[in-house]
Amino acid sequence: MAKAVRFYETGGPEVLRYEDVEVGDPGPGQVRLRHVAVGLNYADTYFRNGTYPIPLPNGMGVEASGVVQAVGEGVSNVTVGDRVTYTGFLNTLGAYSTERLISAAPLIKLPDTIAFETAAAMTMRGLTSSYLMRRIYDFKPGDSILLHAAAGGVGLIVSQWAKLLGLKVIGTVSSEAKAEIARAHGCDHTINYSHEDVAQRVRELTDGVGVNVVFDSVGKNTFAGSLDSLKRRGLMVCVGTASGPIPPFDPVLLAMKGSLYLTRPALADYIADPAEKAALAGELFDHVGSGRIKIEINQHYALQDAVQAHRDLESRKTTGSSIFVI
Ligand SMILES: NC(=O)c1ccc[n+]([C@@H]2O[C@H](COP(=O)([O-])OP(=O)(O)OC[C@H]3O[C@@H](n4cnc5c(N)ncnc54)[C@H](OP(=O)(O)O)[C@@H]3O)[C@@H](O)[C@H]2O)c1
């Protein structure tokens, strides 16, 4: 019998239930996929707690890797036996499962150089890093970035990629242990934002100028300091809101802080075009397959431990990527 983690109401980690599910045969455009590994992403907590409203009951998780078991009518991008990975948003909900039906559209064939576990640990976080590094800003060697939650899943990939581009990387973390991990993955400097003044430290580290770009995945607690860390006409990238949503603000603030730019991007809009998705995935697979970027899987869970996995992620116990191994 296939198993899945589902939820019937929004709330804390305890709303997640591990259940038996019937999978059935794929319909037109669908495949039946046997999962080998499943990604645990911060976005999963937004679905669970209602930040991203969805109809309930529903499945949990948006990213996994596995093997195609059966294909429905009209599927031409994959065949039975293919090793694949996927990530998405509403279109891929239900990834916390041993086996599932899914539309074939989001599936990406895995090269032999990428293991299933690595794929589940990086399809969301790595493609996000790929567009953040290659599409958001025209980076030149010597440009500087401020990267919040630098020891996290997205953080460790972005910091390594940024070094490959020759950027100066300032990372924030909440502990000395995380600072060491961040420095070992490319951060030139780390700031412990639980007790240091981020904007002041960034000014000190950039000769008073500020950074070209801030990648802010923390939101509420870091927003103001992020704007104050940017150079004139710098770019604020609101990547996520791990500490809570950013309160409403008047755009005139951007003028007063130095004619800043601000974007709140979503991965879905950078992989909507199949050619662009293939290009971003190709760069990611190339960097990871050749060892230039290492995917650190620092937490492994069983699917039935999803409640604990969410607790660990939200209580800031994790570093790097977390996966469920099926
Ligand atoms: N926009 C997009 O396209 C996109 C795509 C993927 C992911 N994301 C976002 O990128 C971020 C990173 O995702 P991830 O899965 O790799 O998670 P993660 O960074 O591994 O985990 C979140 C980290 O945020 C930091 N944090 C700061 N304040 C926090 C708080 N109050 N509560 C909990 N954590 C807090 C913690 O690091 P410290 O202990 O060092 O503070 C924590 O480890 C998330 O915000 C996610 O939503 C955005």
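Me: Into how many nonpolar, polar and charged residues does the shell around the ligand divide?
Reply: Happy to start there, bearing in mind that this is a predicted model. In total, 31 residues surround the ligand, and Tyr131, Ser174, Lys178, Tyr193 and Arg316 are the closest. Sorted by class, the shell divides into 15 nonpolar, 11 polar and five charged residues.

Me: Which helix gives the most to the shell around the ligand?
Reply: Four helices each supply at least two residues of the shell: α1 (42-49), α2 (116-134), α3 (153-164) and α10 (306-314). The shell also draws at least three residues from each of domain 1 (2-124 + 295-325) and domain 2 (137-264). With four residues, the helix that gives the most is α2.

Me: How much of the ligand's exposed area does the protein bury?
Reply: A polar side-chain atom of Tyr46 lies 2.9 Å from a ligand oxygen, and a polar backbone atom of Gly153 is 2.9 Å from an oxygen atom of the ligand. On the nitrogen side, a backbone N or O atom of Pro265 lies 2.9 Å from a nitrogen atom of the ligand. Taken alone the ligand exposes 920 Å², and the share of that buried by the protein is 93%.

Me: How far apart in space are Tyr270 and Ile136, C-alpha to C-alpha?
Reply: Good one to check in the viewer! Tyr270 is found in helix α8 (residues 267-270), and among the residues Tyr270 touches are Tyr131, Pro265 and Ile136. In sequence, Tyr270 and Ile136 are 134 residues apart. Their C-alpha to C-alpha distance is 9.8 Å.

Definitions and conventions:
Residues are numbered from 1 along each chain as its sequence is written. This is a predicted model: local features need pLDDT of at least 70, side-chain atom pairs count only at pLDDT 80 or more; totals for chains, interfaces and linings use all residues. Side-chain values use heavy atoms; hydrogens and water are left out. A residue is near a molecule or strand if one of its heavy atoms lies within 4 Å of it. A polar contact is a pair of N or O atoms within 3.5 Å; within protein, one must be able to donate a hydrogen and the other to accept it, and residues adjacent in sequence count only if both atoms are side-chain atoms. Accessible areas come from the Shrake-Rupley method with a 1.4 Å probe; for residues, only the protein chains shown count as cover. Ala, Val, Leu, Ile, Met, Phe, Trp, Tyr, Cys and Pro count as nonpolar, Asp, Glu, Lys and Arg as charged, and the others, Gly among them, as polar. Domain bounds come from an automatic or database domain assignment. Contact means heavy atoms within 4.5 Å. Lists of a residue's contacts leave out its neighbours within four places in sequence.
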